[in-house]
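This report describes the ligand site and the aromatic pairing of the structure shown below.

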Amino acid sequence: MNPSRTPLIAGNWKMFHGGESSVPLAAGVVAFAKELSNVDVVVAPPFTALAAVSAEIDGSPVGLAGQNLYPKPEGAFTGEISGPFLKQCGCGWVIVGHSERRQHFNETDPIVADKVAAALGSGLVPIVCVGETLAQREGGETLRVVKAQVEAFLDVIAQSAVAVAIAYEPVWAIGTGKTAGPAEAEEVHAAIRTWLANKDPKLAERTRILYGGSVKADNAAALLACPNVDGALVGGASLDPGSFGAIARAAQAK
Ligand code: PEP
C-alpha cells in the first residue's frame, strides 16, 4: 500500500437521517472510528443534517462530506448548495457524480467534470463516482464506459495537487445486494490506475480508488484485499454503525 493512500471508508447516507436521527448515527461512527488506526472514515449525511453531524463529530477523526454540490459558488440557483456552503458546514469532502444523480438528475460527464473543478476550487476533496450499468457490463462495454467517465474529469484532477478519490461503483451492484467479485473489481480498479498513470504517474500514486456497490461486513475484507482497492464507498451498510465499523476494521488490514 502506498503510504499516501491510507484506506478510506466513506458512508453515503443517501436520503436517510436528514434530521435528529443523524446525531446518534454520527455518534456511533465516532465511537468506532476513535479505535481505528490507518483508516480514514468519512460520512455523507443529507444537507439538512450536515450542521448537526458536524457538531457531533467535531474533534473526532471522522470527516464530513456533502452528497452533491452545484458548480457555482452562489447565485440565483434555487434549491442548490455550493462548495463554499459545504465548507462552511464543516465538510472537507463531497461525493460527485453518484450514479443515482447521473440516472435521476441527468448528470452528464461534462457536468460531473464541472462539479469536480468546483469542489477542488472550494477546498473540498471530491469522491468522484464512475461505473457501468448491467446492460453495459453484459455488452462487454465496462472498460470503455468507465474510461470515458474518468477521461471526462482527468484533466481537472491532473491539474490539482489534491489527492482526490475515485469510486468505482458498478450501477448493477448499488443497493441490490449484488457485488462485483474481487477479481471483477480489481480488473476495473487496475485499469483506472493505468489510465491515471498514463496521464501522470504521480496522479496514479496519490489517487485513492474506492469500490462501491453492496459492500457489507461479510464481503469487505476480500474486496479491500485487492491491490488497487484503496477503500470503499458504502451506502446501505453505512446506516448501521455496527456494519460500517466492521467494514472500516476490515480496511485496517490493508
Ligand atoms: C452507494 O450509495 O454509493 C452505494 C454503494 O450503496 P450500497 O452500498 O447500498 O450499494
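The side chain of His-98 places an N or O atom 2.8 Å from an oxygen atom of the ligand; a polar contact is here a pair of N or O atoms within 3.5 Å. Backbone atoms also take part: a polar backbone atom of Ser-214 is 2.7 Å from a ligand oxygen, and a backbone N or O atom of Gly-235 lies 2.8 Å from an oxygen atom of the ligand. The ligand taken alone exposes 290 Å², of which the protein buries 98% (Shrake-Rupley method, 1.4 Å probe).

The model is predicted, with local features requiring pLDDT of at least 70 and side-chain atom pairs pLDDT 80 or more, while totals for chains, interfaces and linings use all residues. Residues are numbered from 1 along each chain as its sequence is written, and side-chain values use heavy atoms, without hydrogens and water.

## Surrounding shell

The ligand is surrounded by 14 residues (a heavy atom within 4 Å); the closest are Lys-14, His-98, Glu-169, Gly-175 and Ser-214. The shell comprises four nonpolar, eight polar and two charged residues, with Gly counted as polar.

## Aromatic pairs

There are three aromatic pairs (ring centres within 6.5 Å; planes under 30 degrees apart are stacked, over 60 edge-to-face, the rest tilted). One of them joins Phe-32 and Phe-244 edge-to-face, at 5.7 Å centre to centre and 80 degrees between the planes. Phe-32 belongs to helix H1 (residues 22-33) and Phe-244 to helix H11 (residues 241-252), so this pair ties together parts 212 residues apart in sequence (helices are DSSP runs of H or I, at least four residues, numbered from the N terminus).

Conventions. Polar contact = N/O pair within 3.5 Å; in protein donor to acceptor, adjacent residues only side chain to side chain. Phe/Tyr/Trp six-rings, centres within 6.5 Å; stacked < 30°, edge-to-face > 60°. Helix = DSSP H or I, 4+ residues; strand = E, 2+ residues; numbered from the N terminus.
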